[in-house]
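Subject: Structure handover

Hello,

Here is the structure you will be working with. Please open it beside this email and follow along.

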Amino acid sequence: MYKFRLVAIFPMVLLAIATSASPFYGSDSSNTTYVITQHGVGTDSSKLSTAAIQQVIDKAEANGGGTIVVPKGVFLTGALFFKPNTKLQLQEGAQLKGSDDISHYPLLPSRMEGRSIYYYAALINAYHVDGFEINGPGTIDGNGLKFWKYFWFYRDSVKKEGRSATNLEVHRPRLVFIWGSNNVQIKNVKLHNAGFWTTHLYQCNNVLIENCDIRSPFAPVKAPSTDGIDIDVCKNVTVRKCYISVNDDAVCVKGGKGPDAHLRSENGVVENILIEDCVFGESHGTLTFGSESIHARNIIMRNCVMEHNTSILRLKMRPDTYQIYENVRIENITGKCGTIISMAPWTQFFDMGGSTAKPYAQVRNIVFNNIQVQCNSLGTMEGNPMDTVSAIQFNNVKATAKAPVLKTPYKGGIALNNVLVNGQPFEWK
């Protein structure tokens with residue numbers, strides 16, 4: 001049985017995250033730059049350049065490392081694999097444009113939806129590349145329209161057969177996948193139009209994502225499952241000064257799913273996450289835990305602006321997975337949102353795998369502080385029957401709400417301090 005352990009030092013832990021010096025992100029092993037057009041890559045934007053660009057990356061690695069520089073122009077490519085001591089820079093006006101042919105993304109051991117499986121490579125891949133960097137100000141564009149259209153066509157087709165399609169049945173590439181890498185930076189770059197998830201970090205430590213523009217459209221064709229940033233079994237991740245608007249969750253905490261997920265070595269905790277000074281456009285949830293997460297702790301989101309109609313904090317409660325969500329602080333938030341919190345059972349692709357276990361979740365030590373927003377309501381907090389909720393605080397909240405309600409059966413675990421809704425002290429209904 002999974003042993004849940006109460007962390008009693010929540011305030012001190014969060015203070016350490018918030019005030020600690022920036023983590024060490026590594027230093028250049030080589031100052032050499034490789035401008036791809038000076039190493040055999042053509043400028044015809046209609047011609048696939050995957051092999052030519054990969055040769056430049058491989059050459060840099062063979063020579064001890066260096067920065068792969070993409071100059072102004074559009075370069076069409078399939079999956080690229082960065083090697084130890086290599087980095088990527090996209091100059092002003094540069095665009096790496098993803099091929100919309102899935103055959104240009106090889107099937108490899110990978111990680112998707114909380115499981116270790118074979119899946120298609122991303123457009124940009126870095127496996128065990130410590131010190132890896134992606135720097136702008138150029139663009140990585142997933143060119144996802146063909147994938148999105150087929151996703152909706154396929155989903156509608158199987159509905160007619162009386163079943164639901166899973167996300168993995170329509171083969172689509174992620175935009176960026178970084179696996180097992182430490183001291184990573186993604187800065188000043190535009191990450192647009194992913195075919196699937198936009199930025200997926202798995203088993204990474206000490207990551208800085210700063211001043212990035214991350215987006216995918218809701219119209220005229222919705223870009224399904226294009227999560228902005230997926231943090232999967234990672235520690236010490238900072239997301240700062242970014243704009244994120246995607247047709248799924250903006251920042252999503254992952255880590256595994258299933259009744260034995262907490263026992264599997266490939267899964268694990270996500271901890272020490274700082275999200276600050278960001279602006280969030282439309283998404284399915286600003287900061288989301290789940291739908292595959294077993295333990296998330298020591299997470300701060302602060303000094304952010306909401307420009308959407310979704311939740312600030314979204315908790316997906318899987319009845320087939322043991323979960324702990326703890327030590328979370330959401331503070332100094334302004335703007336317009338749908339709800340402050342959304343917590344609800346999440347049964348998409350429910351699968352006990354034959355297990356007789358009875359998974360449950362604990363949600364504890366979550367603080368909302370200095371929240372001033374327009375919203376539809378304060379939100380909903382409901383879990384599965386065995387879930388428990390404790391030490392939830394709403395402090396100094398000023399909300400203009402269409403419906404002045406917070407729907408929950410957990411009133412005993414929630415403290416309200418100076419919560420004003422439509423200019424009046426909030427009262428339970």
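Below are notes on the pocket, the aromatic rings, some serines and the backbone.

This is a predicted model, in which local features need pLDDT of at least 70 and side-chain atom pairs count only at pLDDT 80 or more, while totals for chains, interfaces and linings use all residues. Residues are numbered from 1 along each chain as its sequence is written, and side-chain values use heavy atoms, with hydrogens and water left out.

The pocket

The largest pocket has a volume of about 590 Å³. On a 1 Å grid over the protein atoms alone, a pocket is an open set of points where a 1.4 Å probe fits, with protein on both sides within 12 Å along at least five of seven lines. Grid points are joined across faces, edges and corners, and the volume is the space filled by probe spheres set on the points. The lining of the largest pocket is made up of 31 residues, where a lining residue has an atom within 4 Å of a point. Nearest the centre lie Asn 167, Ser 225, Asp 248, Trp 346 and Gln 348. Two or more lining residues come from each of helix H3 (145–159), strand S21 (249–254) and strand S26 (311–317). H3 gives the largest share, four residues. Helices (H or I, at least four residues) and strands (E, at least two) are DSSP runs, numbered from the N terminus.

Aromatic rings

A pair of aromatic rings is described by the distance of the centres and the angle of the planes. Rings of Phe, Tyr and Trp (its six-membered ring) pair if their centres lie within 6.5 Å; planes under 30 degrees apart count as stacked, over 60 as edge-to-face and the rest as tilted. The whole structure holds 16 aromatic pairs. One of them joins Tyr 119 and Tyr 120, edge-to-face, at 5.3 Å centre to centre and with 80° between the planes. Tyr 119 and Tyr 120 are both buried. Buried means under 20% relative accessible area, exposed means over 50%, and partly exposed is in between (1.4 Å probe, protein chains only). Phe 81, Tyr 127, Phe 177, Trp 179 and Tyr 202 are linked by ring pairs into a cluster.

Phe 177 also has a charge over its ring: the charged end of Arg 174 sits there, 4.2 Å from the centre. A charge sits over a ring if NZ of Lys or CZ of Arg is within 6 Å of the ring centre and within 35 degrees of the ring normal. In the same way, the charged end of Arg 172 sits over the ring of Phe 196, 4.0 Å from its centre.

Phe 196 is in the loop between strand S14 (190–192) and strand S15 (199–202). Is Phe 196 buried or exposed? Phe 196 counts as buried because its relative accessible area is 0%. Not counting residues up to four places away in sequence, Phe 196 touches residues including Tyr 119, Asn 167, Arg 172 and Ser 225. Contact means heavy atoms within 4.5 Å.

Ser 181 lies in the loop between strand S12 (176–179) and strand S13 (182–187). Ser 181 is buried, at a relative accessible area of 0%. Its side chain reaches the backbone nitrogen of Val 129 at 3.0 Å.

Ser 291 is in the loop between strand S24 (285–289) and strand S25 (295–307), and is buried, with a relative accessible area of 9%. The side chains of Ser 291 and Glu 292 make a polar contact (2.9 Å). A polar contact is a pair of N or O atoms within 3.5 Å; within protein, one must be able to donate a hydrogen and the other to accept it, and residues adjacent in sequence count only if both atoms are side-chain atoms. Leaving aside neighbours within four places in sequence, the contacts of Ser 291 include Lys 254, Arg 318 and Trp 346.

Ser 355 is found in the loop between strand S28 (339–345) and strand S29 (361–375). Ser 355 is partly exposed, with a relative accessible area of 32%. The side chain of Ser 355 reaches the backbone nitrogen of Ala 357 at 3.0 Å.

The backbone

Most residues other than glycine have a negative phi, and most peptide bonds are trans. A cis peptide bond joins Gly 290 and Ser 291, with omega about 15°. Another cis bond joins Gly 136 and Pro 137, with omega about 25°. Asn 193, not a glycine, has a positive phi of about 60°.

Regards
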